[in-house]
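Reader: I would like the terms tested against the values. Please show me the structure, then let me ask.

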Amino acid sequence: MLQDQSHIDSTSQPMETSAAGLVDRLTTSLPKIYRSYTVRVFLQAIITIWAVMSLTFVLVRLMPGNPVDVLIEQILTAEGISYQEAYDRVAASFNIDKDATELDQYFQWMGDLLRLDLGTSITSPGTKVIDEIARFLPWTVFAVGTGLLISFVLGIIAGMPMAYYRGSKLDHILSFFSSFSTGVPNYIWGLLIIIVPGIAWRWFDIGALRGTYDVGLTPGLNAAFILSALEHAALPVFTYVIAILGTWMLSMKSSTTGVLNEDYVNVAEARGLKERTVIRSYVGRNAALPLFTQLTISIGFVLSSGVVVEEIFVYWGIGHLLFQSITVRDYTSLQGVVLLLTAAIVFSNLFADLTYGLLDPRVRVSGEK
Amino acid sequence: MASSQMLEWLVSLPLDLLRGLVGFLRRLSANKPGFVGFLGLVAYFIVTFIMPNYVEFDNEPKLDQITGPIGSRIQLAVHRDNPHLDSWEALAGKTVGVVRQTGGPSFIEPYQDQFTVETYRWTSRRQGPGIPAALTDLANKEIDALLIFSKTVNQVIVNQEDEELQALFQDNIIISNPSLGPPHLLGTDTQGRDIASHMVHGGQILILTALIGGVIATLIALFFGSLSALAGGFIDKFFTALANLFLAIPQFILLVVLAGMIRFDSTLYLGVIIGLLIWPALLRAIRAQVLSLRERDFVEAARSLGLSVNHIIFREILPNMSSYVLINLIFSITIAMYFQIGLVVLGLAPISDYTWGVMIYFGRSRGTLYNQDGATMALAPVLAIALFQVCLVLFARAIEEIFDPRLRSAG
Amino acid sequence: MFRRILLVSALLCALGMLTFAPLQADDGHSHTLSVAWPYQVPPTGHFNTFASGGIALGQYMDLHEPPLAVLMWATGQYQGMVAEEFGWDDDGNYVIKVVDGYSWSDGSPISADDVMATFNIFRLRGDAVWANMTGIEKVDDHTVKFHMSAPSSLAERIILTTNLRPASVFGDIADRAAMMSPDDDGWNGLLQELTEFRPESPVSGGPYTILPDTITEASLMLELNPGGFAGDIQNYDMVQMWNGETEVVTPLVANAELHYITHGIPPTTEEDFANRGIDIVRSGMNNGPGLYVNHDVYPLNLVEVRQAIAHAVDRVQNGFVSLGESGVAVEYMTGMSDGLSEAWLSDDTLDMLNTYDYNPDGAAALLESVGFSRNDDGHWVDDNGDTLSFELTFPQEYADWSAAAENATAQLNDFGFDITARGVQFQQHPQDIYSSNFEMAIRNWGLGDPIPGRSYLQAYNRYNGQGEAAGEGGGAGMNFDNNISFSGGDINVFDVSNASSQGTDSMAQAELVTHLAVSYNELLPAIPLWERYTNNALNRNFINVPDSSDSVYANFGGGADNWMTTLILTGVTAPADM
């Protein structure tokens, strides 16, 4: 439901944390290590993740309803038994230590985290959260990553002529397409893709394209599996592409427009360089530069951007795990997923900050002043 | 900053604004797509802010018009022997049947004293005849005409399980006038209510909230973003850290928690909360822009000339950033619109404000997308929001060309 | 660089086209039954059907873990499944005899040991069935005796609707549980061992076995288990179980890739299905949404106000806009479904009941009788001069309830109330009711259970003082005083509803049920709106089952006693082309 906001963040600067004061104090004791810029921002990223995770720990427990109640309601709805029967059954099938206070749980969880242990699921006792993540994560990375990459490449290709032929018919059509397609949320695109080509035109068997690959294939580097995986990912990837392509087109267009007016382009043209050389070496490269940063930052939001699409196409990835954990209030699974999402966002921001200076020498990294 | 400079700036500001506005309108009319976008926005304003005063919100469930197709309208069924009964005038003095809780009664009201009205109670098939009873009376000439919705007639006549009744209806009844009563431009929703009237009423709050949210986010980002970039040091560290923290907090979970604690009924509050949730990404972007512009030649030149900070911000940096800020404002507005659907799902926004967001949510959850006749309930508002974004982008493009000094010179 | 980008994107596009390559076709010789139920895939989903998170396929679990018996709702008689003989003995104990000659998919025979294992684990879990049970005894290889403290029709129902689990899988834990008492040290440890127990593969005693290798998020396959119960009379080789909730399975039904669903489908979707020639099967579910009020909020505690609300809301309209023809207005307003009312109440009692027909004038008269009046805007004002303004909450995610709430609000506001409808997340909504944090709310009335007294558990127990059990610190729910006086005298309605499901004398039970029905009808603690009927989509072009006049359809889909699984277990369901 909630829109991915990554596209309004185009360039970025090093990260700091609200615990900067603490870090400053640490500097007196660890001056040598701290003086290293990379180590410092990395440390700050870790602290940001810790702060978000602590907040998350509190937030998930503040959510109305708890795992026991949710399961009771589910059983009541599905089986039509009395409240007391449902309660008895559910209370026994969870093994939550009722004596542990929330503070105990917090320290327990933090301690486990240090040992890289995410704990076990509450609603499926005995199932390790790390196993759940390992089951679902690769498919989201594959589908959303592919969608992001394709839309980025297509966006760059389509965005440049829009700027070059500003005001032409091509520009008008592409502008309309890009602003319209981003104005429709991805889950509506997904439903329409199922309803129009799927049900009305019967272009494909809807059920056969569900899941991540065909039953009976062995995951690995064999042609049958790869083809099957691509086939199953096609619809979600297409949905992601159509829903975010417009953003890249518009960004690339405005970026190119800016570059076209830079002095060095005019100089290059005046020097009589071939138009193709100017487009490739001067305009294209420089216009795409800020978009690479934008791409790097989007990667952090990739994992959570397809929640509803994954449900609609029954292409279960980390978005499904997130959705499911929230629905049944599975605190431990939810914390595991959120940790993953937070780390992805923080580290992709960090990566963007570290690489931006390298990509664009004009921007000095302020931390190095 | 020096007070004399401040004074000078305050005096020149209104004049500059006025001059800018005149020039802006002149340039706008020269920019075709921008002008189209401008007209589109004006149309949106008229439909969502002025038309609600003239179009009534259809809140009356009409059981036999549920998920009516686009352009659906009330129909007049008459006996085969009376094909001439095809207009309100011809019905004068006759007995006309209407089925309560359907579209009939409201259409018939203005003409009520011209003919006798026979009312039938609507009942479900399981509980006994409602519409079949009315049709039987019509077939037996106990009433002269029956106002009824076409889809229902078809369903009852064609799918009638009782073959005797089916024969009676098919032999005796014709659907006479296909154009009686106002059409439902966009069809009807799951309660048989006119979707077009909901579209007219559902835009105002959504757009206002989104504007408030988008503007607040942009203002926060603009103010603190430029402040961070220009002031540097602790202030910079603090705001970037805050933005980074906000970006990483799982917003959906935060909203779920908020929904359990607070309830928002005011447009203003809703807008504010949306603005407070979507500013961080924008802040990062604007800060980076200011940082980058700060190093540019013309800013360096202005600095070396000893021009004031005031001058540098308002005359050098802001104009060079305005197009960028504008396009991000537009994205923020669209994000804020869809954000509201998320708030509806969570119960943070009341459904009594029947906005486009509520329509999309209910349209989807009540399965209308799977029904050709009913799909407008969710698709009409989606289309409206998407086209609104198109208008904004086209309009913003024009503004971009007018304000961006580099584009202006490129002409 | 530009050319390189072009090249890469062309390659990616080509890959994209490849994915639309022709799909594999079915061989067409085997017969597959295509149905659907939402489940979780491994590792979250697992094969321990006693623990939460297991791959439990709802009523289709009957095909995998067959039930002891099925109630035929039309006759009120149980039809034996795995239990071929069952009944009370002279000492008031329940005895069942398990059918001979069938085996689990791992080869072990279906026997009394499986019944022992199943019920011993119920004891470990603290299931309600053990409330009236003092012990369980294996009489011979196929006979089990349940020692009861008091015979009751409720205990009989719980025992007979149990799905049998294999002793070969759960026997070890069950045997250890049987040796212990809940006070023993190892009890909680054993319980934890049970919940974390993960059988390696599913073991089926029914006609079909889950194939673990076929489980994906899209669907799973069940293979014919010829040696299992009813495995010898099946017409299918496979059952394909599609995964997902309504929105996800709808396109499959529309495309005829899925042939039968029990999901509640919105009326608009139903219409689309009907246009495609898909049959909609409706059976009364004996429950539905009702309008609950907080009896601590004046003037909702006045019986006249609640009666006025009942008169002011057109339940026919409310049901139809919410669930189409499957939203059937409640007629008798007894707190039970109309079907149960007709089955348990005498004709004289039924005639005496107030049916609260849609009658705004009557509603107005009721309000005026307690000193309320309409103000200049047409709004009602109570005797203190306050307008009748309330907030009506409902679970936002339930499409039919949200429609009912939206419509009831509109109707009541038309009548002169001032109601604001507000959706609440479905996880939170019941919590709000338990903790009395509401004014008016849409919650469920009735129960899909043939024992009539249990229908009153919602109004008198779950939503009334159940906050403690729900972990919300003893909230009093709707704050209704269960000690009531009505035309038939003074009773405690909760006690009477419990008493009515005890014993096996149906005459005595009927008398108590009559008290409950008449008092509910007079006092209307909560106002039932409509009864939910199933709207199962059944594609008869693929599935051959009896036509809709058959009495088996009185067994509604959704809980135990589902007609479809009953027809599969009796070998009736068949492919349409057979």
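Author: Start with contact: two residues are in contact if their C-beta atoms, placed from the backbone, lie within 7 Å. Among contacts in chain B between residues at least 6 apart in sequence, 75% join residues at least 24 apart. This is a predicted model; local features need pLDDT of at least 70, side-chain atom pairs count only at pLDDT 80 or more, and totals for chains, interfaces and linings use all residues. Residues are numbered from 1 along each chain as its sequence is written, with chains lettered from A and ligands numbered from 1 in the order in which they are written.

Reader: What makes chain B more spread out than a compact globule?

Author: The globule rule is 2.2 Å times the number of residues to the power 0.38, and the radius of gyration is taken over C-alpha atoms. For 411 residues the rule gives 22 Å; chain B has 30 Å, well over that, so chain B is more spread out than a compact globule. Its C-alpha trace spans about 95 × 50 × 30 Å along the principal axes.

Reader: How many helices and strands does chain B have?

Author: Chain B has 15 helices and five strands. Both are DSSP runs, numbered from the N terminus: helices (H or I) need at least four residues, strands (E) at least two.

Reader: Why are E3 and E5 of chain B placed at the edges?

Author: Two strands pair if DSSP finds at least two bridges between them. The open sheet of chain B has the order E3-E2-E4-E1-E5, with mixed pairing. E3 (116–120) and E5 (173–175) of chain B each have a single partner strand, so one side of each lacks a neighbour in the sheet.

Reader: How do you know that E2 and E3 of chain B pair?

Author: Five bridges join E2(B), residues 95–99, to E3(B), and the two run parallel. The definition asks for at least two, so the pair qualifies. Val96(B) has Val117(B) as its bridge partner in E3(B).

Reader: Why is H6(C) called mostly covered?

Author: A residue is buried if 20 or more other C-beta atoms lie within 10 Å of its own, exposed if 12 or fewer, and partly exposed in between; C-beta atoms are placed from the backbone. Eight of the nine residues of H6(C) are buried, among them Val248(C), Pro251(C) and Leu252(C).

Reader: Which elements of chain C give two or more residues to the side that touches chain B?

Author: In total, 28 residues of chain C are in contact with 29 residues of chain B. The elements are H6 (246–254), H7 (267–275), H9 (315–323), H13 (399–415) and E18 (418–424) of chain C.
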